[in-house]
Amino acid sequence: MKFQIIPVTPFQQNCSLVWCEASKQAAVIDPGGDLERITAAADSAGVTISQIWLTHGHIDHVGGAERLAQQLGVSITGPHEADRFWLTALDQQSQKFGFPHMESFEADRYLSDGERLTLGEVEIEVIHTPGHTPGHVVFYHRDSETAFVGDVLFHGSIGRTDFPMSDHQALINSITQKLWPLGNQVRFIPGHGPGATFGDERRSNPFVADAVLA
Ligand SMILES: [Zn+2]
Ligand SMILES: [Zn+2]
């Protein structure tokens, strides 16, 4: 598996282009917008985008999903069905956050904890991590110990929980009970800002370091 991070939207959301080196099949995780930058990155990497995967339903992560799906003739996978209400209210999200008007949409397939996604020879595990939103999922590539965590965890911070249906304790549980067991060496790509390892956060993250939660 190879990947490239493409910051998109005014929120500098870390859209990731992920691909299988053998088949050159690619997935786009969280195409929030700036689609020409995403397709240009795929072109220069010499890969074909065949899937769109969503971590959760917030506009900076999903705002370009439907248009990209139509443009490329591919389907939209994820997040967990508990985030459907965010996707079906995308028109209201675009108004509220000052984005150009966007039509609401539905995923072609919602995901459950423990499901596996296949991209050529690459296998990705789906981990349901509610808290920031109820249907948030993390995409985990076990072979390279790489996790695409969306807005669950950031380097030095965690996701906001002041949205409808957010749950602070659920978020803490998702991080400590679903992510930490994968190992301190796992590197994560957050939805915003620089990546790090789970071990880094367990040492120094002011919200979820071991010493803070002890
Ligand atoms: Zn979010
Ligand atoms: Zn975000």
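Donors are N, O and S atoms within 2.8 Å of the metal, and water is not among the atoms, so sites may look incomplete. In this predicted model, D151 bridges the zinc ion (ligand 1) and the zinc ion (ligand 2), which lie 3.6 Å apart.

**Zinc site**
- The zinc ion (ligand 1) is held by H56 through NE2, H58 through ND1, H132 through NE2 and D151 through OD, at 2.2 to 2.3 Å.
- The angles between its four donor atoms run from 90 to 164°, which makes the arrangement irregular, because a tetrahedral site needs all angles between 85 and 135 degrees.
- Along the sequence, the donor residues of this ion follow the spacing H-x1-H-x73-H-x18-D.
- H56 sits in the loop between β4 and α2 and H132 in the loop between β7 (122-128) and β8 (137-141), so the pair ties together parts 76 residues apart in sequence.
- H56 and H132 are both buried.

**S166**
- S166 belongs to the loop between β11 (157-158) and α6 (168-179).
- With a relative accessible area of 17%, S166 is buried, because buried means under 20%.
- Beyond its neighbours within four places in sequence, S166 contacts G131, H132, R160 and T161.

**Nonpolar cores**
- The largest nonpolar core has 29 residues, and L17, I38, I52, L54, I76 and F105 have the most contacts inside it.
- Elements giving two or more residues to this core include β1 (2-8), β2 (13-19) and α3 (65-72).
- α1 supplies the largest share of this core, four residues.
- Not counting residues up to four places away in sequence, I38 touches I6, V8, C15, V28, P31, G33 and I49.
- A second, separate core of 19 residues includes I127, V138, I158 and F198.

Technical notes
Residues numbered from 1 in each chain as written. Chains lettered and ligands numbered in written order. Predicted model: local features only at pLDDT ≥ 70, side-chain atom pairs only at ≥ 80, totals over all residues. Heavy atoms only, no water. Core = buried A, V, L, I, M, F, W, Y, C linked by side-chain atoms within 4.5 Å. Buried < 20%, exposed > 50% of the residue type's maximum accessible area, 1.4 Å probe, protein only. Contact = heavy atoms within 4.5 Å. Donors = N, O, S within 2.8 Å, 3.2 Å for Na, K, Ca; no water. Tetrahedral: all angles 85-135°; square planar, octahedral: opposite > 155°, others 65-115°.
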